[in-house]
Structures are given as structure tokens and as C-alpha cells.
Amino acid sequence: MASSGDAAKEQGKFELRPPPYPLDALAPYMSLNTLEFHWGKHHRAYVDNLNKQVLGTELGGLSLENVIVKTYNNGDLHPPFNNAAQVWNHDFFWDSMKPGGGGRPEGHLLKLIERDFGSYDAFEKEFRTAAISQFGSGWAWLIYKADAGEVKGADPVPLEKDYKLSIMKTPNAVNPLVWDYSTLLTVDVWEHAYYLDYQNRRPDYVSVFLEKLISWDAVSARLEVAEAKAAEKAKGKL
């Protein structure tokens with residue numbers, strides 16, 4: 001009898017997961033037409049291509065996250081990387097938005113933003129700049145990671161207090177998982193993410209994302225998980 005790992009190798013195990021809202025729920029800020037093309041065609045193609053690439057290989061038995069890390073190969077990309085990373089990136093992007101989203105966060109998340117960026121306005125400016133200035137296709141991210149400049153002593157494991165919010169941008173399909181950063185938020189700045197609604201006006205699209213679409217509830221939940229992970233690392237349990 002085949003093992004579960006063998007079965008995973010023989011079947012396309014990665015699925016096209018729908019956004020957590022109807023495809024027309026983000027209109028007028030992100031139209032049904034955009035979601036039908038972006039999710040229904042581009043995202044679907046990444047899933048289909050990934051399943052073809054991992055079929056019958058050792059990658060078929062891995063989680064999506066492990067496929068990404070393994071095929072990134074310290075920057076020497078293996079063929080399945082782009083499709084695997086784009087599947088994960090898009091799932092994460094859909095979950096970063098909600099109908100009636102945007103505005104400013106509250107509570108603990110807002111306090112950390114103000115601590116690490118100086119103010120919410122400063123965070124928003126830096127995030128917008130990262131998204132707009134990414135040359136060509138890519139992503140802008142809000143991450144939670146150890147600040148290497150503040151990790152003291154010979155112990156390589158950072159303390160909880162050494163973790164901070166940070167913003168980064170990545171080209172093409174690359175995402176912060178490959179550096180083991182905890183990811184909290186992303187905006188897709190591939191042209192297919194916005195062209196049907198905004199043509200070449202990427203700055204307008206990024207502004208609408210910030211003001212009308214972000215799910216701060218999702219970001220706060222991710223932060224809670226990231227802080228728990230950081231605490232475990234500080235205790236030497238990870």
C-alpha cells in the first residue's frame with residue numbers, strides 16, 4: 001500500500017483556495033473583473049503549474065512553505081520556486097484584504113507601528129514608497145523580524161525585545177519566508193493586480209489598498225502568531 005507521502009507525489013495536492021469573500025466584495029476598489037482574471041486565471045495557473053512540477057517528485061510530499069524554502073535554494077532558484085511562491089503569495093494577499101477594510105489599525109498593532117516607525121503616517125509613507133518603487137513585478141511586505149543591530153552577546157538567538165516591525169520589497173515571486181521572517185501584510189504590485197482597474201497608475205492602486213482594503217484584523221492575528229514564535233525562539237524552543 002502506498003504511503004501518504006507516495007500518494008501526495010502521485011496527486012496534485014496543492015489547491016486553488018478562494019479568497020475569504022465573494023469575488024465582487026471588494027468593488028469598487030478592486031473589481032469583479034480584476035478578481036476573475038487575477039484569482040481565476042493567474043492564481044489558478046500558478047497552482048496548476050506547481051502541481052505538474054512536483055508530480056512524482058520528493059516535493060509532492062512537502063508543505064507549500066517547505067517547497068518554497070527548498071526550491072529557493074539560497075537564491076539559486078529551482079524551477080518550481082516561482083509557482084510555489086506565487087501560490088503562497090496570492091493566498092496571503094487575498095487574506096490581507098476585506099470588504100470595508102483600510103483605515104488605521106488599533107490596539108497593540110498600532111502601538112508597535114508607532115514604536116517602530118514613529119507614527120502611523122510614517123509607516124504608511126514607507127509602505128507606499130516600497131510598493132511604488134519596486135521596479136517591475138513584485139511585492140511590498142510588512143514583516144516582524146529580529147533587528148540584527150540590537151541582538152547582543154554571543155547567543156545567536158534574539159530576545160523578544162529585539163524583534164521589530166519592518167518593511168521590505170521583493171522582486172517577482174520572492175517572499176520573506178525564504179529568510180524565515182514572519183510576514184504580516186503584503187500588496188501585490190505585479191501589473192495584473194491593478195491594470196484592469198487603474199491602468200498604469202500604481203500609486204493610486206497602492207493608496208486605495210491602504211485606505212480601503214487592508215484587513216487589519218488579519219494583520220493583528222498574524223502579529224500574535226509572530227510574537228508567540230519569537231517568544232519561543234527566545235526561550236530556545238525553536
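The model is predicted, so local features need pLDDT of at least 70, and side-chain atom pairs count only at pLDDT 80 or more, while totals for chains, interfaces and linings use all residues. Residues are numbered from 1 along each chain as its sequence is written, and side-chain values use heavy atoms, with hydrogens and water left out.

**The whole chain**

- The chain contains nine helices and three strands; helices (H or I, at least four residues) and strands (E, at least two) are DSSP runs, numbered from the N terminus.
- The chain has 238 residues, and 46% of them count as buried. Buried means under 20% relative accessible area, exposed means over 50%, and partly exposed lies in between (1.4 Å probe, protein chains only).
- Among contacts in the chain with a separation of 6 or more, 76% are between residues 24 or more positions apart.

**Phe81, a buried residue in helix H4**

- Phe81 sits in helix H4, and its relative accessible area of 0% makes it buried.
- Leaving aside residues up to four places away in sequence, Phe81 touches Ile68, Thr71, Tyr72, Ala173, Val174 and Val178.
- Phe81 and Ala173 are 92 residues apart along the chain, yet 8.1 Å separates their C-alpha atoms.

**The sheet**

- Three strands form an open sheet in the order S2-S1-S3, with antiparallel pairing. Two strands pair if DSSP finds at least two bridges between them.
- As background, strands of a sheet pair through backbone hydrogen bonds, either parallel or antiparallel.
- Strand S2 (163–171) and strand S3 (182–188) are the edge strands, each pairing on one side only.
- From one strand to the next, the twist averages 20°.
- Strand S1 (residues 138–146) is joined to S3 by six bridges and to S2 by nine bridges, running antiparallel to S3 and antiparallel to S2.
- Trp139 shows both pairings: it stands opposite Asp188 in S3, and its bridge partner in S2 is Thr170.
- S1 is largely enclosed by the rest of the structure, because seven of its nine residues are buried.

**Helix H9 and what surrounds it**

- Helix H9 (residues 216–234) lies across S1, S2 and S3, and runs at about 150° to S3. Axes are lines fitted to C-alpha atoms, for helices over the stretch in contact, and angles run from 0 to 180 degrees between N-to-C directions.
- H9 has 19 residues and spans 26 Å from its first C-alpha to its last, close to the 27 Å expected at 1.5 Å a residue. The expected span is 1.5 Å times one less than the number of residues.
- The buried residues of H9 are Trp216, Ala218, Val219, Arg222, Leu223, Ala226, Ala230 and Ala231.
- The cover over those buried residues includes helix H4 (81–95), H5, H6, S1, S2 and S3.
- After H9 comes Gly236, which has a positive phi, near 75°.

**Helix H5 and its two partners**

- The axes of helix H5 (residues 107–117) and helix H6 (residues 120–133) come within 8 Å and cross at roughly 75°.
- That angle makes H5 roughly perpendicular to H6. Angles of 65 to 115 degrees count as roughly perpendicular, under 35 as roughly parallel, over 145 as roughly antiparallel, and the rest as oblique.
- In this contact, Leu110, Ile113, Glu114 and Phe117 of H5 meet Tyr120, Ala122, Phe123 and Glu126 of H6.
- The residues of the H5 and H6 contact divide into six nonpolar, no polar and two charged. Ala, Val, Leu, Ile, Met, Phe, Trp, Tyr, Cys and Pro count as nonpolar, Asp, Glu, Lys and Arg as charged, and the others, Gly among them, as polar.
- H5 also packs against H9, at an angle of about 75° with the axes 9 Å apart.
- H5 is therefore roughly perpendicular to H9.
- His108, Leu109, Leu112 and Ile113 of H5 make this contact with Trp216, Val219, Ser220, Leu223 and Glu227 of H9.
- By class, the H5 and H9 contact has six nonpolar, two polar and one charged residues.

**Asp162, a buried loop residue**

- Asp162 is found in the loop between S1 and S2, and it counts as buried at 1% relative accessibility.
- Asp162 and Ala234 are 72 residues apart in sequence and 9.7 Å apart in space, C-alpha to C-alpha.

How values were computed: Contact = heavy atoms within 4.5 Å.
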